[in-house]
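Please look over the sequence and the model shown below before reading the report.

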Amino acid sequence: MLNWLQGIGHSVFASISRIGRAALFLWQCLLALSYIPQKPMLLVRQMYSVGVQTLLIILVAGIFVGMVLALQAYIVLVDFGAEESISLMVSLSILRELGPVFTGLLFAGRAGSALTAEIGLMKSTEQLSGMEMMAVNPMKYVIAPRFLAGLISVPLLTAIFMAVAILGGFFVATEMLGQYEGVFWSQMQAKVDFYDDLINGMIKSLVFGFVVVWIAVFEGYDCVPTSEGLGQATTRTVVHGSLAVLGLDFVLTALMFNV
Amino acid sequence: MKTRNLEILVGAFVVLAVLAMVMLSLKMSNLASYGDEGDVYEVTAQFENIGGLKVRSPVSAGGVRVGKVANISYNNQAFTAQVTLQLEDKYQFPLDTSASVLTAGLLGEQYVGLVPGADEENLQQGDEIELTQSALVLEQVIGQFLYSKAQEE
């Protein structure tokens, strides 16, 4: 009985101290960001591994999501004789929800897990301690560039995802379903609002990027430096990152599009 | 990888994203129409019922979009809905133009249709359109239909 209670207490303390460490970590990371303008190559290198290498999966996913949406929208809307609204349905669902959320999820899976594994391996092979021994702050040299690269990359990737998905929907609507090009674009331009839809979607993507990168980098830095701990940390990055994206999406949607 | 190649790839990535953003804002949303709001004038119109008219609904004359609904409020003196129409300067209408709330298609969105009159003078900034026709509310039409049916029998 007492052991059972102790177990609960232990896990409560463990999770609280974890949150505390994550917050402190974020604070140190933000402080270390000021170092990046002196060494821009650090950022460029991370932009490559975090952003450019995620580009392919974003492009492919975007095209297919757009095409599927257009097809599904057609199947439903044709019953009401409203098939000219395909573009509206595709563009609004992409800009408001699917663009930021899909990008966040794919980023957590593709780049977030890689970040955690990379930093975790640096920790378990004692590269991070080695840096500290040489009076090089790993926060400045390892963590901050990765954090900033992710923060910049996610909105950029989201913009690309949105554009590609709408083009995919455009392709299906005009080539497969025989809609006129002009109808497709004019419906969209008439109803999609720049601030309400596009800017809100981009704000979402910024928030998702921030949270996913924070989780990824922290899990790597905080992992148990064994091969098992590293595996668990990578899993946690993907699971927690994805759940955070989905949960925050609901909160942000409720705040932005006040129903 | 060589630094140069790395920078080229990252540069291409950023340029691609900026292009996507530009395309999204200009081709896929109404940002382009925010810019040409420079030369407009506003007129008001009182409607008994505006149905589902919204701010930013189109204003059209003869099927051509000539402006948009800028503001909707309730006039507490006349007990009517007061709609402010923002018309583009290049379109001028006579003073006795009539405005009606119409529906595009059976269940489509609602818009304000203008039918020009014959007056010599044109509508100016701040004028009011006197002749208005309310929106067709489906429930009222059905109610009237049922009522007249019942009277026949």
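## Basis of the model

This is a predicted model, in which local features need pLDDT of at least 70 and side-chain atom pairs count only at pLDDT 80 or more, whereas totals for chains, interfaces and linings use all residues. Residues are numbered from 1 along each chain as its sequence is written, and chains are lettered from A, with ligands numbered from 1, in the order in which they are written.

## The pair H7(A) and H8(A)

Helices (DSSP runs of H or I, at least four residues) and strands (E, at least two) are numbered from the N terminus. Helix H7 (residues 194-222) and helix H8 (residues 227-256), both of chain A, have their axes 9 Å apart and pack at an angle of about 155 degrees, where axes are lines fitted to C-alpha atoms over the stretch in contact and angles run from 0 to 180 degrees between N-to-C directions. H7(A) and H8(A) are therefore roughly antiparallel, a term used for angles over 145 degrees.

Contact is counted if the C-beta atoms of two residues, placed from the backbone, lie within 7 Å. On the H7(A) side the contact residues include Val207(A), Phe208(A) and Val211(A), while those of H8(A) include His240(A), Ala244(A) and Leu248(A). The residues of this contact divide into twelve nonpolar, five polar and four charged; Ala, Val, Leu, Ile, Met, Phe, Trp, Tyr, Cys and Pro count as nonpolar, Asp, Glu, Lys and Arg as charged, and the others, Gly among them, as polar.

## Nonpolar cores

A nonpolar core is a set of buried Ala, Val, Leu, Ile, Met, Phe, Trp, Tyr and Cys residues joined through C-beta atoms within 7 Å, and buried requires 20 or more other C-beta atoms within 10 Å, against 12 or fewer for exposed and values in between for partly exposed. The largest core has 72 residues, of which Ala70(A), Ile143(A), Ile160(A), Met162(A) and Val217(A) touch the most other members. H5(A) supplies the largest share of this core, 22 residues.

Beyond its neighbours within four places in sequence, Ile143(A) is in contact with Cys29(A), Ala32(A), Pro138(A), Val217(A) and Tyr221(A). Another core, of 19 residues, lies apart from the largest one and includes Val43(B), Phe47(B), Leu114(B) and Ala135(B).

## Contact between the chains

Chain A brings 23 residues into contact with 20 residues of chain B. On the side of chain A that touches chain B, H2(A) gives the most, with eight residues, and the residues of that side divide into 17 nonpolar, three polar and three charged.

## A loop residue of chain B

Lys90(B) is found in the loop between strand E4 (80-88) and strand E5 (98-103) of chain B. Lys90(B) is exposed, with 8 other C-beta atoms within 10 Å.

Notes. Angles under 35 degrees count as roughly parallel, over 145 as roughly antiparallel, 65 to 115 as roughly perpendicular and the rest as oblique.
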